[in-house]
Amino acid sequence: MSRSALNSRLVLVVGPALSALARSAMPRAEISAVTAEEVLAHPPAAPMDLVILDAAGATPEMLAEVIGQVAALRPVPPALLVGAHLPASLFRALLKLHRSDVLEAPFALGDLARVAGELIDGGAEEARPTSSCWSIMGAVGGAGATTLAVELATLLAARSGPGQTCLVDLNLADGAAAAYLGGTPNLRLADASVTPSRLDATVLSAFTYRVPGGPDLLAAPRDSNAFETVDPATVGRILEVACEVYRWVVVDMPRHRQPWSLDVLAGSDEVIVVSELTVPALLAARALAGEIDDALAGVTVPRIVLNRLAARAFGPSPSLGEAERALQRKADGAITSDWEAAAASVNLGGAIGRHRPRSKIVRDVQALLDKLAPAQAELAKPRRRFGR
Ligand SMILES: Nc1ncnc2c1ncn2[C@@H]1O[C@H](COP(=O)(O)OP(=O)(O)OP(=O)(O)O)[C@@H](O)[C@H]1O
Ligand SMILES: [Mg+2]
C-alpha cells in the first residue's frame with residue numbers, strides 16, 4: 001500500500017458501527033458512513049474511491065443488493081467486505097465487481113488500512129481498464145448493421161453482467177438503436193460538445209440509458225443537423241470515456257464517411273462490415289472493406305458478416321462461396337434471415353434475443369461472438385484510442 005493512496009479519498013462505509021474503526025485506520029480519508037437501508041434508498045451521487053461493507057450491519061440479502069448497486073455505479077468503485085462467517089452468497093455477489101477483497105474478523109487496524117490502500121491503489125492503476133471496442137458498419141443501407149450491433153451488445157451484456165457493455169449509436173442524425181431496444185436516446189450532443197475535455201464517467205452516465213437486462217445505450221435524439229454540428233473531438237472523447245468505463249463497447253457506425261470515421265475505426269479492436277447477399281451489396285462491401293484496408297493498413301483488418309442468408313428456394317441469391325468470390329475475401333460470419341423474429345424485435349422494442357431467443361439470428365450472432373471473443377481474450381492494453 002502507498003500511504004498517499006488513502007489521502008483525501010472518498011470512502012463509503014456501509015454499516016455505521018464500522019465507521020470509527022475505518023476512521024482510525026484511514027485518518028486522512030474522507031469517510032462517510034451510512035446504513036444499508038440508506039444506501040439502497042439513496043445511491044451515492046459522487047464517484048467513490050472505495051466502499052467498505054460491514055457484514056454485521058445488514059442481512060446477507062440486503063448486502064448483496066447493496067453490492068449489486070455498487071456494481072451499477074460509474075465508475076465502479078472497489079469494495080471491501082468485512083466480517084466473520086461470511087456467507088457464500090456475498091462472495092458470489094462480489095464477483096460482479098472489477099475489484100473487491102474480503103477481510104475476515106477479527107483483524108488488526110493495520111490490516112484494514114493495508115487492504116483498503118491496496119484496493120484504492122489498484123483502482124487507480126485500473127482507472128483506465130482494458131476494454132474491447134467493436135465497430136459495425138453496413139455496406140449498403142438496411143444491410144443489418146444496427147440489428148447486428150444490438151444483438152451483439154445484448155449477448156455481451158448477458159455474458160458479462162450489468163454495466164459492462166455499452167452500445168454507442170454514432171448514427172447521430174437518425175440512429176435506430178434506441179428504437180430497436182425500446183430505449184431512450186439520452187445523449188445530448190450539444191451539452192457534450194461544450195467542453196469535450198470535461199466529459200468524464202459521471203457526465204457519460206447522465207447521457208446513458210440502461211436497457212433492462214441489456215447493454216447501456218448511448219444514442220442521440222433525432223437531429224438532422226447533428227453530423228454538421230458535432231465536433232470530432234466530442235465523438236472521440238465519448239468513445240474514449242466509454243472504453244474507460246466499460247469492458248465491451250459496440251459502436252453502430254454511420255455508413256457514410258464522417259470526419260471522425262477513420263479515427264473511430266482505427267481505435268476499434270474489431271471492424272465489422274455487414275453485407276446482405278445481393279450482388280450490389282457484396283460489391284459495396286468489397287469496396288468498403290478495400291477502403292478500410294487502404295486507409296488503415298497495419299492498424300485493422302475489417303471482417304465481413306453476411307446477413308439475411310435464406311434458402312435458395314426463396315430467390316436467386318448468391319451462395320456463400322459465390323459471395324466470397326465476389327468479396328474477394330472470406331466472410332467471418334453469416335446470419336440467417338428470420339423476418340418474423342426481426343420484426344417482433346423492432347416492433348415490440350427489445351433485442352431479438354429477448355423476444356425470440358430461439359431465432360437462428362440469435363444462434364448465428366452467438367457463433368460470431370464466440371469466434372470474435374476468444375480473439376479478444378488477450379485484452380487491448382490501455383491506450384489512447386480515439387482522436388489524434
Ligand atoms: N437476419 C435478418 N433477418 C430478417 N430481417 C432482418 C435481419 N437483419 C436485419 N433485419 C431487418 O432488416 C431491416 C434493416 O436492418 P437494420 O436496421 O439493422 O439495417 P442497417 O444496416 O442498420 O440499416 P441503416 O442503413 O438504415 O442503418 C430491419 O427491419 C431489420 O429488422
Ligand atoms: Mg442502422
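## Exercises on a predicted model

Helix H11 is mostly covered, with 12 of its 14 residues buried. Keep in mind as you work that this is a predicted model.

**Exercise 1. Find out which residues of H11 are buried, and how far the helix reaches.**

*Step 1.* Locate the helix: H11 takes in residues 232-245.

*Step 2.* Check its span. From first C-alpha to last, H11 reaches 20 Å, close to the 20 Å expected at 1.5 Å a residue.

*Step 3.* Pick out the buried positions. They are Thr 234, Val 235, Gly 236, Arg 237, Ile 238, Leu 239, Glu 240, Val 241, Ala 242, Cys 243, Glu 244 and Val 245.

**Exercise 2. Describe the overall build of the chain: how many helices and strands does it have, and how does its radius of gyration stand against the globule rule?**

*Step 1.* Count the elements: the chain has 17 helices and 13 strands.

*Step 2.* Compare the radius of gyration with the rule. The value is 23 Å, close to the 21 Å that the rule gives for 388 residues, so the chain is as compact as a globular protein of that length.

*Step 3.* Look at the box. Along the principal axes, the C-alpha atoms fill roughly 75 × 40 × 35 Å.

*Step 4.* Of the 388 residues, 46% count as buried. Among contacts with a separation of 6 or more, 75% are between residues 24 or more positions apart.

**Exercise 3. Explore the largest nonpolar core: which residues have the most contacts inside it, and which element gives the most to it?**

*Step 1.* Start with a general expectation: in soluble globular proteins, nonpolar side chains tend to be buried together.

*Step 2.* Identify the core. It has 77 residues, and those with the most contacts inside it are Ile 136, Ala 242, Val 249 and Val 250. Helix H6 gives the most to this core, with nine residues.

*Step 3.* Look for another core. Apart from the largest one lies a core of 39 residues, among them Ala 25, Leu 80, Leu 81 and Val 82.

*Step 4.* Return to Ile 136. Beyond its neighbours within four places in sequence, Ile 136 has contacts that include Ala 145, Leu 148, Val 250 and Ile 272.

**Exercise 4. Characterise the surroundings of ligand 1: which residues are closest, and which elements give two or more residues to the shell?**

*Step 1.* List the closest residues. Of the 19 residues around ligand 1, these are Gly 138, Gly 144, Thr 146, Thr 147 and Ala 342.

*Step 2.* Assign the elements. Helix H6 (145-160), strand E12 (303-309) and helix H15 (339-348) each give two or more residues to the shell.

*Step 3.* Sort by class: the shell has eight nonpolar, eight polar and three charged residues.

*Step 4.* Take a closer look at E12, where Val 305 lies. Val 305 is buried, with 24 other C-beta atoms within 10 Å.

**Exercise 5. Compare two residues with a positive phi, His 85 and Arg 308: is each buried or exposed?**

*Step 1.* Take His 85, whose phi is about 50 degrees. His 85 sits in the loop between strand E4 (79-83) and helix H4 (88-94). His 85 is exposed because it has 8 other C-beta atoms within 10 Å, and the cut-off for exposed is 12 or fewer.

*Step 2.* Take Arg 308, with a phi of about 65 degrees, in strand E12. Arg 308 has 23 C-beta neighbours inside 10 Å, so Arg 308 counts as buried.

How values were computed. Residues numbered from 1 in each chain as written. Chains lettered and ligands numbered in written order. Predicted model: local features only at pLDDT ≥ 70, side-chain atom pairs only at ≥ 80, totals over all residues. Helix = DSSP H or I, 4+ residues; strand = E, 2+ residues; numbered from the N terminus. Expected span 1.5 Å × (residues − 1). Buried ≥ 20, exposed ≤ 12 C-beta atoms within 10 Å, placed from the backbone. Near = placed C-beta within 6 Å. Nonpolar A, V, L, I, M, F, W, Y, C, P; charged D, E, K, R; others polar. Rg over C-alpha atoms; globule rule 2.2 N^0.38 Å. Contact = placed C-beta atoms within 7 Å. Core = buried A, V, L, I, M, F, W, Y, C linked by C-beta atoms within 7 Å.
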